[in-house]
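Welcome! Please take a moment with the sequence and the 3D view below, and then we can walk through them together.

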Amino acid sequence: MNRRIFIVTLPILARVLISERPVAAITQDLEYLQALERAQRDRPPTLTSSGRIAPASEPGTPLVIHGRVFRPDGVTAARDMIVFAYHTDATGLYNAPSAGPHSWRLRGWVKTDADGRFEFTTIRPAPYPNRRTAAHVHFTVEGPGVPRQPAGLTFEGDPLLTDADREESAKAGRFGGVRPVERRGGIEHVSVDIRIARS
Ligand SMILES: [Fe+2]
């Protein structure tokens, strides 16, 4: 385990020591964090504030994600934040089953501009097959002085959203993860505001 992986996995190791979570679940967490770290090795050396997740040839409904990242005060724009995003394809899969767990075919990176803004062009992800989890997009955000942290969005109107999902999102106000979808000219648009955590 190199130093960087150790740093990102340190909170998980602490949980191993203090929690009574099943070892299998904690092992999964560790594997996930290591997969996230591995994925960053493929990050392009130069990033702009707009990019793609799915290639233009990917089957599915075109989707544009309009995002903005804020400092923990929720007001100050966070510039130069690297946003990593990944999601399932139009069949609900992250990758071919043979690729193994935590392998994300549709993924992309951007860096926020001076106003904290970013944009991803992609396709609308589908929910996991044979599961009751709403379709979603995963993000991580990191940058100068900001350790990698997770964020995400789901799509308002998704029948798989639960009351708990909606309540949690409503509590977070404009930083809630359940986002309205606008359809214009055959392209769906969602906007998401992400607030960097205080710790
Ligand atoms: Fe997921």
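This is a predicted model: local features need pLDDT of at least 70, side-chain atom pairs count only at pLDDT 80 or more; totals for chains, interfaces and linings use all residues.

## A buried aromatic pair

Phe118 and Phe139 form an aromatic pair of the edge-to-face kind, with 6.1 Å from centre to centre and 70° between the planes. Phe118 belongs to strand β5 and Phe139 to strand β6, so the pair ties together parts that are 21 residues apart in sequence.

## The chain as a whole

The chain has 3 helices and 10 strands. Starting at the N terminus, its elements follow the order α-α-β-β-β-β-β-β-β-α-β-β-β.

The chain has 199 residues, and 39% of them count as buried. Among contacts in the chain with a separation of 6 or more, 69% are between residues 24 or more positions apart.

As a general point, strands of a sheet pair through backbone hydrogen bonds, in either a parallel or an antiparallel way. Here, β3 (residues 82-87) runs antiparallel to β4, and 6 bridges join the two. Along that pairing, Ala85 stands opposite Gly108 in β4, and Tyr86 stands opposite Arg107 in β4. Strand β3 also pairs with β6 in the antiparallel sense, over 6 bridges. One example is Ile82, whose bridge partner in β6 is Glu142.

## Strand β3 from both sides

In a regular strand, the side chains alternate between the two faces of the sheet. In β3, Ile82, Phe84 and Tyr86 are on one side, while Val83, Ala85 and His87 are on the other. Both faces are covered, and these residues are all buried. With 6 of its 6 residues buried, β3 is therefore largely enclosed by the rest of the structure.

## More aromatic rings

How many aromatic pairs does the structure hold? There are 10 aromatic pairs in the structure. One of them is formed by Tyr86 and Trp104, which are stacked at 4.2 Å centre to centre, with 25° between the planes. Tyr86 is in strand β3 and Trp104 is in the loop between β3 and β4, so this pair ties together parts that are 18 residues apart in sequence.

Is Tyr86 buried or exposed? Tyr86 is buried, with a relative accessible area of 2%, and Trp104 counts as buried at 8% relative accessibility.

## The iron site

The iron ion is coordinated by Tyr94 (OH), Tyr128 (OH), His136 (NE2) and His138 (NE2), at 1.9 to 2.2 Å. The 4 donor atoms subtend angles of 90 to 160° around the iron ion, and this makes the arrangement irregular. Along the chain, the donors follow the spacing Y-x33-Y-x7-H-x1-H.

Tyr128 lies in the loop between β5 (117-123) and β6, and His138 lies in strand β6, so the pair ties together parts that are 10 residues apart in sequence. Tyr128 is buried, with a relative accessible area of 16%, whereas His138 counts as partly exposed at 22% relative accessibility.

## A stop at Val181

Our last stop is Val181, in the loop between β8 and β9 (182-184). Val181 has a relative accessible area of 28% and is partly exposed.

Which residues does Val181 contact, leaving aside its neighbours within four places in sequence? They are Arg124, Phe155, Glu156, Glu188, His189 and Val190. The C-alpha atom of Val181 is separated by 9.8 Å from that of Ile65, and these two residues are 116 residues apart along the chain.

Methods. Residues are numbered from 1 along each chain as its sequence is written. Side-chain values use heavy atoms; hydrogens and water are left out. Two strands pair if DSSP finds at least two bridges between them. Helices (H or I, at least four residues) and strands (E, at least two) are DSSP runs, numbered from the N terminus. Buried means under 20% relative accessible area, exposed over 50%, partly exposed in between (1.4 Å probe, protein chains only). Donors are N, O and S atoms within 2.8 Å of the metal (3.2 Å for Na, K and Ca); water is not among the atoms, so sites may look incomplete. Four donors count as tetrahedral if all angles lie between 85 and 135 degrees; four count as square planar and six as octahedral if opposite donors are over 155 degrees apart and all others between 65 and 115; anything else is irregular. Contact means heavy atoms within 4.5 Å. Rings of Phe, Tyr and Trp (its six-membered ring) pair if their centres lie within 6.5 Å; planes under 30 degrees apart count as stacked, over 60 as edge-to-face and the rest as tilted.
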